[in-house]
Every structure is written in structure tokens, then in C-alpha cells.
Amino acid sequence: MLDAFIPNSEDELRALERIAQSGFVIGFGLRFGQPDFFLNRYPDAWTALYEQENYFFGDPVAAWTITRTGSVRWTDVKFPDPRGIMTQAKKHGLKYGATFVTKIDSKRSFMSVARPDRELDDGEMMLLHSKLESWAKMFVRSKVSLTESELEALVSIRDGARQAEAAEKLEVSLSTLKQRLDSAQKKLGAPNALNAVARAVRQNLI
């Protein structure tokens, strides 16, 4: 949830929608093709087609996103488009657009926005690039650093195992499992194990 790390997130999204009238996507913590957080507000029909046709492989904007940083209008993206993905996007109202990418540590954060009527002007480009950089920094600061063993303990509880069952599955003692859950609870600021699981899920940690 954006409100976990962006103050006034609903107001921010409404302001973004006024610029991105055909929709937008935002991703934080992209590494090895998978972001830690992803929000898609593109039209449902376009999203369904994109996934059905597996357009990610061959999408010139996606290629720019994973290889560049900064900002670019889609009309200035020079990657090839042999599948005609951008032409298909226009049929769904994504006629004009821009993409923004920033990198913190080894992870990328990105935002792509679309309009049906005109290119984004320079002021809008600067504003959205600044917004993304600010949000990406907030996201990094908000991330809780859990160990692999703490994550495994939380996943076991999320999947419905009782603590004794989780300990047996992970081949550790019950006291060790409880220590891992307790440590995760403290890091997440949760009052109990179930709440820690819920918070970890909300933050896309598990």
C-alpha cells in the first residue's frame, strides 16, 4: 500500500491522474525483473491484452525502463518495436506517454504515464521525475530489513501453519521459531505474530 510510505498518497495519486489521463504504472525496488511494489492503473483491457500477449518481451518502453535512468517521452524511445506494441497501446488510449526511472542502491524504481491527447510538457516531465525520486527514497527508508529465517517463519504462519508445525517444517526448535517471529514483530512494530504477517504482506515483504 502506498500509504505505508508516501504521506497523503491518495491526494498524490489524484494529482497524478490529472496528468496521466489514460493511466499509469508505478514500481519500486525493481531487481531481476520483479519490483517489491507495483501499482497498475492502466485500462483493464490493455492490461489483459498486455499479459495475454506477453508484451513485456518486446516492449520498447519496458526495455528502456530496465536499461536506462532519467526520463523520456515515449516518442523518443529508440528501442525497436517489432510487435507493434506501441500501436496497440494507442488503440487503448495510451497515445502519448512518458517514463521515469531512478536507481537507489542496486534497485530501480519507475513510473510510466499515458495521455490520449498530447505530449507531457517540460514542467510535467520535471514534476513527475521529481515525484518519483522522492517516493523512491521514501520507499527505501520504509523498507524493513528482515533476515531470510525471519521471512521463512512469517511465510509459514501466513500459509496457515501453527507454530509447532512451522517449526517442524523449517526443521528448527519451537523456541527458535518463536525467537524469529519475535524479532520480526519488533522490526515490523507488530503486537503479535499474526499482525506481523499482515504487515509483511502489506509491505510486499512476503
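Colleague: Where is the place of Ser156?

Modeller: Ser156 sits in helix H6, residues 148-158. Helices (H or I, at least four residues) and strands (E, at least two) are DSSP runs, numbered from the N terminus. This is a predicted model, in which local features need pLDDT of at least 70 and side-chain atom pairs count only at pLDDT 80 or more, while totals for chains, interfaces and linings use all residues. Residues are numbered from 1 along each chain as its sequence is written, and side-chain values use heavy atoms, with hydrogens and water left out.

Colleague: Why does Ser156 count as buried?

Modeller: Its relative accessibility is 3%, and buried means under 20% relative accessible area (exposed is over 50%, partly exposed in between; 1.4 Å probe, protein chains only). Ser156 therefore counts as buried. Not counting residues up to four places away in sequence, Ser156 touches Ala161, Ala166, Lys169 and Leu170, where contact means heavy atoms within 4.5 Å.

Colleague: Why are H8 and H9 called oblique to each other?

Modeller: The axes of H8 (residues 174-188) and H9 (residues 193-202) cross at roughly 55 degrees and come within 9 Å. Axes are lines fitted to C-alpha atoms, for helices over the stretch in contact, and angles run from 0 to 180 degrees between N-to-C directions. Under 35 degrees counts as roughly parallel, over 145 as roughly antiparallel, 65 to 115 as roughly perpendicular, and the rest as oblique. H8 and H9 are therefore oblique.

Colleague: Which residues of H8 and H9 meet?

Modeller: From H8, Leu181, Gln185 and Leu188 meet Ala193, Ala196, Arg199 and Ala200 of H9. By class, this contact has 5 nonpolar, 1 polar and 1 charged residues.

Colleague: What makes S4 and S5 a pair?

Modeller: Two strands pair if DSSP finds at least two bridges between them. S4 (residues 96-104) and S5 have 9 bridges, in the antiparallel sense.

Colleague: Which residues form the covered and uncovered faces of S2?

Modeller: In S2 (residues 37-40), Phe37 and Leu39 make up the covered face, Phe38 and Asn40 the uncovered one. In a regular strand the side chains alternate between the two faces of the sheet. S2 pairs with S1 (residues 23-30) over 4 bridges in the antiparallel sense, and Asn40 is the bridge partner of Val25.

Terms used. Nonpolar A, V, L, I, M, F, W, Y, C, P; charged D, E, K, R; others polar.
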